[in-house]
Amino acid sequence: MKVPNWKMRFINGGVGSQKTRAEQEEADFVSFVANVVRPAYSEIARRLFEKGREITTQETRAACGITVMNGNSMEIMFRITGLSMPVGVIPNVEVKMRERKGLRVESKKFPLRSPSEKDSTITGISADDIIECFFCYYGEALGRI
């Protein structure tokens with residue numbers, strides 16, 4: 001008698017079972033953060049530190065962000081999360097910056113690359129792609145201050 005996989009996991013208490021898709025995607029994203037996002041953020045921090053900016057990073061299993069401060073003023077907050085799609089995990093970007101010369105903070109969320117593009121998943125994204133995206137929005141944020 002052949003027992004379905006989900007029943008065997010229940011019977012065996014999950015011992016030796018395969019990872020679920022969600023578990024595999026989470027592990028892939030954690031690896032992506034360690035191997036691609038952190039080096040990109042290190043390069044961004046190095047460039048901005050030379051300009052006298054204070055950089056802080058925030059990292060969880062689901063997101064990795066960087067905040068740039070100029071004195072007591074936040075210039076930009078840039079965060080990458082993983083978005084599960086049928087083609088795989090796509091890096092999703094959230095940018096927070098001030099509105100034009102105002103005190104209100106505007107938030108934008110978008111995929112780093114369009115899901116229809118080739119290599120839009122985390123396996124096709126490089127540190128240079130993240131750096132380029134960050135500095136594109138950083139320039140926009142500086143124009144709003």
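Gly139 comes out as partly exposed because its relative accessibility is 41%, where buried means under 20% relative accessible area, exposed over 50% and partly exposed in between (1.4 Å probe, protein chains only). The model is predicted, so to speak of local features takes pLDDT of at least 70, side-chain atom pairs count only at pLDDT 80 or more, and totals for chains, interfaces and linings use all residues. Residues are numbered from 1 along each chain as its sequence is written, and side-chain values use heavy atoms, with hydrogens and water left out.

Gly139 sits in helix H3; helices (H or I, at least four residues) and strands (E, at least two) are DSSP runs, numbered from the N terminus.

As for the overall layout, the protein has three helices and five strands, and from the N terminus on they run α-α-β-β-β-β-β-α. Of its 145 residues, 33% count as buried. Taking contact as heavy atoms within 4.5 Å, 46% of the contacts between residues at least 6 apart in sequence join residues at least 24 apart.

A nonpolar core is a set of buried Ala, Val, Leu, Ile, Met, Phe, Trp, Tyr and Cys residues joined through side-chain atoms within 4.5 Å. The largest one here holds 30 residues, and Phe32, Tyr41, Phe78, Ile80, Ile130 and Phe134 touch the most other members. Two or more residues each come from helix H2 (21-49), strands E2 (63-70), E3 (73-85) and E4 (88-98), and helix H3 (127-144). H2 gives the most, with nine residues. Neighbours within four places in sequence aside, Phe32 is in contact with Val37, Ile80, Pro91, Ile122, Ile125 and Ile130.

H2 and H3 pack at about 45°, their axes 9 Å apart; axes are lines fitted to C-alpha atoms, for helices over the stretch in contact, and angles run from 0 to 180 degrees between N-to-C directions. That makes H2 oblique to H3, since angles under 35 degrees count as roughly parallel, over 145 as roughly antiparallel, 65 to 115 as roughly perpendicular and the rest as oblique. On the H2 side, the contact is made by Phe32, Val36, Val37, Ala40, Tyr41, Glu43, Ile44, Arg47 and Leu48, and on the H3 side by Ala127, Ile130, Ile131, Phe134, Phe135 and Tyr138.
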